[in-house]
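Open the model in your viewer and keep the selection panel at hand.

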Amino acid sequence: MQDFKIEYHKALCSDAPDFLKEYISLPILQRLDGIGLLCGTDWTPLFHNYFKYSRLDHSIGTALITWNFTKDKKQTIASLLHDVSTPAFSHVSDFKNGDALTQSSTEDINARMIDENKELQVLLSRDGIKSTEVNDYHLYPICDNEMPGLSADRLEYMYPSGAALDKVWTIEDAVENYSHIKVLENEKGLPELGFDDMEACLEYTKKFIDISLILQHNEDKIAMQLMADVLSAAEKEGIAKERDFYELSEKQLIERFNNHSVGNPTAEFSRLYRTFRGMKKIIRSEVPLKNAYCISLKVKQRYVDPLVQTDKGSKRISALSSKASKWISDFLDYKDSKYGCVEYL
């Protein structure tokens, strides 16, 4: 599915600016090539992801969307840099930090990493850009905004996530759907990405929610929290340090974890890691089960209620379509079993 990424990025912006290449080549960004977008689920048979899409791919895609609709260099660089503080296995570290509900615990150091990176600062200084103009993409509503609005970040990650997790997007469908994206004005008078066609908006909304439901299932919760506990155990048993999650790729960490697990099969780390790497199904339960790894978690609810262009201005799809309104309310009301469990391996 390498073709998906190539064709997809090409479709996001047909005239990608030359300056992006130099920024993308920086080590602070190249590190993200070893981190998957799908938060460690590439490494467990509980999921069957169809291809890998990295945090670097996502950062580039977000920057391409931003440039496509703004032609603004500062906003584009801010979008490119918005994930530089992402550790290995992405949001797994948020679960490790006890932040499953907002999944933003690692964002706090993003600005500091940008401000302190000498190679990046040389390029910014050369281009006459202040660090404060690119170290917080929340400053720019096209780059990022509050849910359920649509931003470059939110728009970008759902196309490849949907294609990789459940094949809900083909490259042809994603490109066609994206062709209906426009900059509209929201209720606050701010620019926001939205659709010029109601059917395209309905398609995106439905598929976004379909994929977001996967992230509400206990399978995903178990995968995330179990890997978080693997990382915590790795730190406790001296197998890895916090800085390793920022300096090593997921592949390098998995190799280290494999070696330790084989050499120390009775350690708590090994039991957790072996279960993560071998689990193929979970058990739904209203009570925790014996001899099983069990979780009961509330996690972040990702959803959208995009704007649609109408003769009377921009309107949310939920106000125009009873179907969309029900999809959203059903999603927000969804609850899996109280516990998700997997037998230890």
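Which residues lie nearest the centre of the largest pocket? Select R55, H91, D153, K300 and R302, which lie nearest its centre among the 50 residues that line the largest pocket. A pocket here is an open set of points on a 1 Å grid over the protein atoms alone, where a 1.4 Å probe fits, with protein on both sides within 12 Å along at least five of seven lines; lining residues have an atom within 4 Å of a point.

Before going on, note that this is a predicted model, in which local features need pLDDT of at least 70 and side-chain atom pairs count only at pLDDT 80 or more, while totals for chains, interfaces and linings use all residues. Residues are numbered from 1 along each chain as its sequence is written, and side-chain values use heavy atoms, with hydrogens and water left out.

**The largest pocket**

The volume of the largest pocket is about 870 Å³, counted as the space filled by probe spheres set on the grid points, which are joined across faces, edges and corners. Now colour α9 (152–166), one of the elements that give two or more residues to this lining. α9 gives the most, with 6 residues. (Helices are DSSP runs of H or I, at least four residues, numbered from the N terminus.)

By class, the lining has 20 nonpolar, 17 polar and 13 charged residues. Ala, Val, Leu, Ile, Met, Phe, Trp, Tyr, Cys and Pro count as nonpolar, Asp, Glu, Lys and Arg as charged, and the others, Gly among them, as polar.

**The second largest pocket**

Next select K221, L297, K298, Y334 and K335, the residues nearest the centre of the second largest pocket. The lining here has 16 residues, and the volume is about 310 Å³. α12 and α17 (322–333) are the elements that each give two or more residues to this lining.

**Helices packed on α9**

In contact (heavy atoms within 4.5 Å) are D57, H58, G61, T62, I65 and T66 of α4 with A152, D153, L155, E156 and Y157 of α9.

Finally, select α11 (residues 198–214), which packs against α9 at about 65°, with the axes 10 Å apart. Among the residues in this contact are L155 and Y157 of α9 and Y204 and F208 of α11. The contact has 9 nonpolar, 2 polar and 2 charged residues.

Note on methods: Axes fitted to C-alpha atoms, helices over the stretch in contact; angles between N-to-C directions.
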